Amino acid sequence: MRDPRYDILFQPLAIGPLTAKNRFYQVPHCNGGGYRDPSAAAAMRGIKAEGGWGVIFTEQTEMHHTSEITPFIELRLWEDKDIPSVAKMADAMKTHGALAGIQLAYSGINGPNMYTKEVPLAPSALPIRTFTNDPVQAHTMDKTDIKNLRRWFVKAAKRSKLAGFDLICLYGAHGFGIFQHFLSRATNQRTDEYGGSLENRSRFAREVVADMRDAVGDTMALTMRVSLDETIGQLGFSNAEVRDFISMNAELPDLWDLAMGTWEDCSGPSRFKEEAAQEAWVTGIRELSPKPVVGVGRFTSPDVMARMIKSGRLDFIGCARPSIADPFLPKKIAEGRVEDIRECIGCNICITGDMTQGMGRCTQNPTWMEEWRRGWHPEKIAPKGVSESVLIIGSGPAGLEAARAAALRGYDVAVAEAREEFGGRVTRERKLPGLSAWGRVADYRLFQLKQRQNVQLYPGSRLSAEEVLDFGFQHVCVATGSIWRADGVARQHVVPMPIDARMPVFTPDDLMTGRLPKGRIVIYDDDHYYMGGVLAELCAQAGCEVTLVTPSAFVSDWTANTLEQSAIHRRLAANGVTIRLNTGVVMVKAEGVETNCTYTDQRGLIGCDAVVLVTSRTSDDSLYNDLKDREADWADAGIKSVKLIGDAAAPAPIAWATFAGHRYARELDEPDWGDALPFRREVTRLED
Ligand code: ADP
Ligand code: SF4
């Protein structure tokens with residue numbers, strides 16, 4: 001069944017005293033749940049075990065209370081009391097023969113200690129380096145601090161062992177782990193035997209590994225995670241120094257785990273980074289050490305994975321996002337079902353769970369982080385209930401996911417789409433600069449739907465309430481999407497803004513259907529996610545002279561949560577886009593836009609030939625409202641329920657739509673939740 005080209009991915013390989021059953025290595029990744037939702041996080045890892053991963057890691061685990069990264073919610077192993085909650089995760093990881101790994105992090109210069117109020121400790125006294133520039137500085141560790149920290153690592157290792165883990169990853173990548181802080185001259189300016197030469201800067205890593213080997217090395221494997229390049233120029237831990245470090249310490253860990261730069265560099269979205277983007281950085285490193293090497297690169301293609309191993313670049317295929325989008329990726333390759341892989345689209349919505357301390361979401365896998373809370377399995381779903389048929393109106397992400405999951409349950413499903421092409425917003429957005437991978441949201445679902453006998457697809461079918469009543473489907477799901485507003489209403493303007501009819505005004509829908517403005521244009525972005533920046537890029541490439549105006553202090557402000565805000569700003573600057581921050585648009589005049597300073601209300605005028613309004617969207621719920629008006633006729637028409645989901649209910653990112661579609665299908669024929677909470681949650685047990 002399995003394509004022999006991929007056999008290499010299933011060869012077992014030793015990591016220190018242990019053996020991984022295959023080459024699929026889920027590298028540490030956050031999920032928003034962490035210590036607040038330990039059972040949800042544990043169940044999520046358990047699903048990966050079931051999906052065939054050979055090695056599965058926790059998220060970053062704070063290993064001592066003197067270094068923590070509040071407000072971010074990861075795991076904690078501060079005292080024995082924390083063992084049961086991480087042990088639950090280790091148990092879940094090991095259910096199908098995977099090796100269970102824990103990533104121990106001492107955050108050093110990255111830990112502001114907002115919760116414990118401890119003084120941060122780091123190799124050198126510098127301001128704490130966090131996303132939020134916390135106004136806190138670190139204290140330079142003296143020899144006693146270093147001795148203490150070595151002891152804390154040993155204690156954490158012993159607790160990890162007690163919790164049942166097989167591997168320990170020492171975190172020294174992304175600027176987040178103390179090993180990097182010692183290794184890099186940027187964060188290690190010491191003049192003692194721990195600073196200066198690379199030999200000295202590696203001393204701390206060597207000591208900790210030796211201590212841990214003595215403590216747990218007989219049964220556990222130790223891995224070291226470093227970035228392939230710190231990406232801050234010569235002062236940083238550069239790719240050349242990383243190579244020197246690995247050559248000098250070739251036998252140090254049992255495996256080299258090679259990440260890249262900062263987290264933004266490492267988890268670059270598909271808009272800015274291709275699959276296997278780190279290939280050049282990693283090439284040749286494997287020859288420097290006898291120990292196996294794992295690397296990442298948003299690998300979703302088994303051909304690329306096999307090539308990385310055959311070419312000798314990597315021994316293990318490291319995946320975070322691809323394992324979130326499809327926890328069953330290894331199993332699908334093993335079973336010769338490559339076309340069933342739900343490929344990660346590289347949108348980084350999964351990261352927003354961590355960045356906002358919300359609960360992780362995935363655009364492609366709506367069951368992610370709902371495995372325990374709602375009992376959702378990514379590949380299994382309950383058989384259908386008492387009714388037989390479902391009509392889904394609208395084939396955007398919400399409609400397609402509702403159709404896919406309802407069909408899997410065994411309902412007779414019909415999908416009616418007004419346009420000739422299925423896919424809703426993603427068929428249009430995928431044509432925008434950098435967003436082609438987003439089309440996978442539709443491609444995956446359409447492929448799955450086309451395989452099934454119980455699904456009928458009707459393109460070019462704009463349905464009216466009358467037609468829906470005539471069809472006689474038992475359940476009607478209205479997923480008709482939304483339309484970008486042309487009146488400026490969003491956050492600055494809660495009622496329509498004055499717009500002079502002589503100025504040509506465009507919305508994102510116009511641009512996506514090929515109606516582009518010309519000449520000098522102003523893009524007014526009061527939406528703050530990706531659309532404003534993407535359209536600025538599109539218009540600049542089409543030859544417009546673009547000024548992007550936003551009331552926010554940052555271009556595409558919310559994309560800080562998807563780790564692409566700085567890349568977007570850089571790209572707009574490179575495309576010659578003029579960026580006006582902290583600036584609103586008061587009104588659109590015949591000759592341009594009247595602006596105001598967000599802070600002082602000082603007015604200005606930007607002359608232009610056209611204005612693009614990226615503001616907010618209006619739900620297209622007219623069909624739903626027409627059906628509601630005819631509620632008295634539903635029973636005669638055989639209709640049991642009519643529901644409104646996705647952007648048609650409330651416009652939001654694509655992940656919200658796939659979640660809504662999935663939930664719709666799961667809850668068909670199920671009793672209403674009424675006033676009850678529709679998921680399980682964990683409540684802190686009170687101490688005496
Ligand atoms: P979501 O993100 O919620 O899935 P989209 O905007 O992507 O929403 O998709 C909604 C789809 O519904 C669009 O492709 C649109 O053409 C389609 N649609 C809207 N109204 C009707 C209708 N009355 N009948 C059939 N399809 C419709
Ligand atoms: Fe991939 Fe987006 Fe899912 Fe993250 S949220 S795993 S980037 S599809």
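How many salt bridges are there between domain 1 and domain 2? In this predicted model, the count is 1 salt bridge.

**View 1. Division of the protein into domains.** Domain 1 covers residues 4-355, and domain 3 covers residues 488-618. Domain 2 is made of two segments, 389-481 and 620-667. The centres of domain 1 and domain 2, taken over C-alpha atoms, are 40 Å apart.

**View 2. Contact between domain 1 and domain 2.** Domain 1 contributes 13 residues to the contact and domain 2 contributes 14 residues. About 1000 Å² is buried between the two domains, with 61% of this on carbon and sulfur atoms.

**View 3. Polar and charged pairs between domain 1 and domain 2.** The salt bridge joins glutamate 343 and arginine 440, whose closest N and O atoms are 3.5 Å apart. Between the domains, 3 residue pairs are in polar contact. On the side of domain 1 that touches domain 2, 5 residues are nonpolar, 3 are polar and 5 are charged.

**View 4. Residues around ligand 1.** The ligand is surrounded by 24 residues, the closest being Ala398, Glu417, Ala418, Arg425 and Asp647. This shell consists of 9 nonpolar, 9 polar and 6 charged residues.

**View 5. Backbone atoms at ligand 1.** An oxygen atom of ligand 1 lies 2.7 Å from a backbone N or O atom of aspartate 647. For proline 397, a backbone N or O atom is 3.1 Å from an oxygen atom of the ligand. A polar backbone atom of alanine 418 lies 3.0 Å from a nitrogen atom of ligand 1. Of the 580 Å² of accessible area that ligand 1 has on its own, the protein covers 96%.

Technical notes: Residues numbered from 1 in each chain as written. Chains lettered and ligands numbered in written order. Predicted model: local features only at pLDDT ≥ 70, side-chain atom pairs only at ≥ 80, totals over all residues. Heavy atoms only, no water. Domains from an automatic or database assignment. Contact = heavy atoms within 4.5 Å. Buried area = accessible area lost by both parts, 1.4 Å probe. Salt bridge = Lys/Arg side-chain N within 4 Å of Asp/Glu carboxyl O. Polar contact = N/O pair within 3.5 Å; in protein donor to acceptor, adjacent residues only side chain to side chain. Nonpolar A, V, L, I, M, F, W, Y, C, P; charged D, E, K, R; others polar. Near = heavy atom within 4 Å. Areas by Shrake-Rupley, 256 points an atom, 1.4 Å probe, with all protein chains shown as cover.
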